[in-house]
Amino acid sequence: MPAVTVDNPLELPRVVVPLAGDRPRRVKSITTAPRGLEGEGFPVRRAFAGVDLADLDPFVHMDQMGEVDYGPGEPKGTPWHPHRGFETVTYMMEGTFLHQDSIGGGGVIQNGATQWMTAGAGILHIERPPDALIDSGGLFHGVQLWVNLPAKLKMTNPRYQDIEAGAVTLLTNEAGDAIIRVIAGSLGDAGGPGSTHTPISIVHASLMPGAQLALPWPAGYNALTYVLAGQGSVGLERHAIGEGQMAVHVDGDYLTLAANETQDSRTQAFEVLILGGEPIREPVAAYGPFVMNTRAELQQAFEDFQAGRLGQIPADHI
Ligand code: MN
């Protein structure tokens, strides 16, 4: 998985270890993400399906895009579409997505880069593979996470952040057999490059076979582990978890994860995305591309989109 990596994790700084008296979080649920299709028909897994909304807060939706090995002509994206009231975070581990939006943001997302788009009051955007990838086919693997905004920020100005792979903060565990990438927020005393509107941490960890991880986690944050690839366990009781499954960790100061001794030859490592943040604790009215607080605000979003008030497709569109 060519997200940003290092040859020798032993050279990386260590993540801080839990203190005596810190409480391990317990595992509340493990769910399996169903498969679906998004945009023009690219395969996804709906990572949050079956999880209590209160356990997801401040997140509202997450798709694992692929992993898929496309044949020539098969790669797909989305048409131009609007968003309001939240943020989309797109992290690409394999393959390439082009992004363009109605506020002049845009670029190439690939090889461990993240694009953080704040829709706020309104934006139009398109996400699609480049022509060369459509022609050649190839591996495609990413994640798109939807981060909610509190009522007071739903109509904030739209914003685009391009987080290059090289900017991601890299750490390892005590044994040096894991790579921990802090994409946004903080982990112990380390901070990631992504700027967030509310306190959030997003981490991608690769655990070598047999590796164990204990990660400090603020007691006020929710905590979710989604398995991108491989097999392992979560919690001190070592609940089994594998590719396409998500764990909710509750009540405590740190999370524990472990990779099985045997991984399949394709992935080699136990690859997990670990997410959390301060819950917003407001009513959520979500429909299609809009995440608001009330049905009346959703109706207004549709009317504003129809009237062109969420933005215009730029003249030089891709
Ligand atoms: Mn979108």
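Is Gly 220 buried, partly exposed or exposed, and what is its relative accessible area? Gly 220 is partly exposed, at 47%. Here buried means under 20% relative accessible area, exposed means over 50%, and partly exposed lies in between (1.4 Å probe, protein chains only). The model is predicted: local features need pLDDT of at least 70, side-chain atom pairs count only at pLDDT 80 or more, and totals for chains, interfaces and linings use all residues. Residues are numbered from 1 along each chain as its sequence is written, and side-chain values use heavy atoms, with hydrogens and water left out.

Gly 220 sits in the loop between β18 (212–216) and β19. Strands are DSSP runs of E with at least two residues, helices are runs of H or I with at least four, and both are numbered from the N terminus. Gly 220 touches Gly 277, Glu 278 and Pro 279, leaving aside residues up to four places away in sequence. Contact means heavy atoms within 4.5 Å. Gly 220 and Gly 277 are 57 residues apart in sequence, yet their C-alpha atoms are 7.8 Å apart in space.

Arg 25 lies in the segment before β1 (26–32). Its side chain has a polar atom 2.9 Å from the backbone oxygen of Pro 218. The backbone oxygen of Ala 219 lies 3.5 Å from a polar atom of the Arg 25 side chain. A polar contact is a pair of N or O atoms within 3.5 Å; within protein, one must be able to donate a hydrogen and the other to accept it, and residues adjacent in sequence count only if both atoms are side-chain atoms. Arg 25 is buried but has no salt bridge. The nearest side chain of opposite charge, Asp 251, is 6.9 Å away.

A salt bridge is a side-chain nitrogen of Lys or Arg within 4 Å of a carboxyl oxygen of Asp or Glu. By this rule the count is 9. Asp 251 pairs with Arg 26 at 3.3 Å, N to O. This pair links distant parts of the chain: Asp 251 is in the loop between β22 and β23 (254–259), Arg 26 is in strand β1, and 225 residues separate them. Arg 26 is partly exposed, at 44%. Strand β1 also holds Lys 28, which is 24 residues from Asp 52 in the loop between β3 (42–46) and α1 (53–56). Asp 52 and Lys 28 form a salt bridge, with the closest N and O atoms 3.6 Å apart. Lys 28 is partly exposed, at 41%, as is Asp 52, at 45%. Lys 28, Asp 52 and Asp 55 are linked in a salt-bridge network. Arg 46 and Glu 38 form another salt bridge, at 2.9 Å between the closest N and O atoms.

The largest nonpolar core has 34 residues. Such a core is a set of buried Ala, Val, Leu, Ile, Met, Phe, Trp, Tyr and Cys residues joined through side-chain atoms within 4.5 Å. Phe 48, Met 62, Leu 145, Ile 202 and Leu 275 have the most contacts inside it. Apart from this core lies another, of 27 residues, including Val 27 and Phe 270. Beyond four places in sequence, the residues touched by Ile 202 include Trp 116, Leu 145 and Leu 275.

The manganese ion has three protein donors: His 81 (NE2), His 83 (NE2) and His 125 (NE2), at 2.1 to 2.2 Å. Donors are N, O and S atoms within 2.8 Å of the metal (3.2 Å for Na, K and Ca); water is not among the atoms, so sites may look incomplete. The donor residues are spaced H-x1-H-x41-H in sequence. Both His 81 and His 83 are buried.

How values were computed
Lys and Arg count as positive and Asp and Glu as negative; His and the chain ends are not counted.
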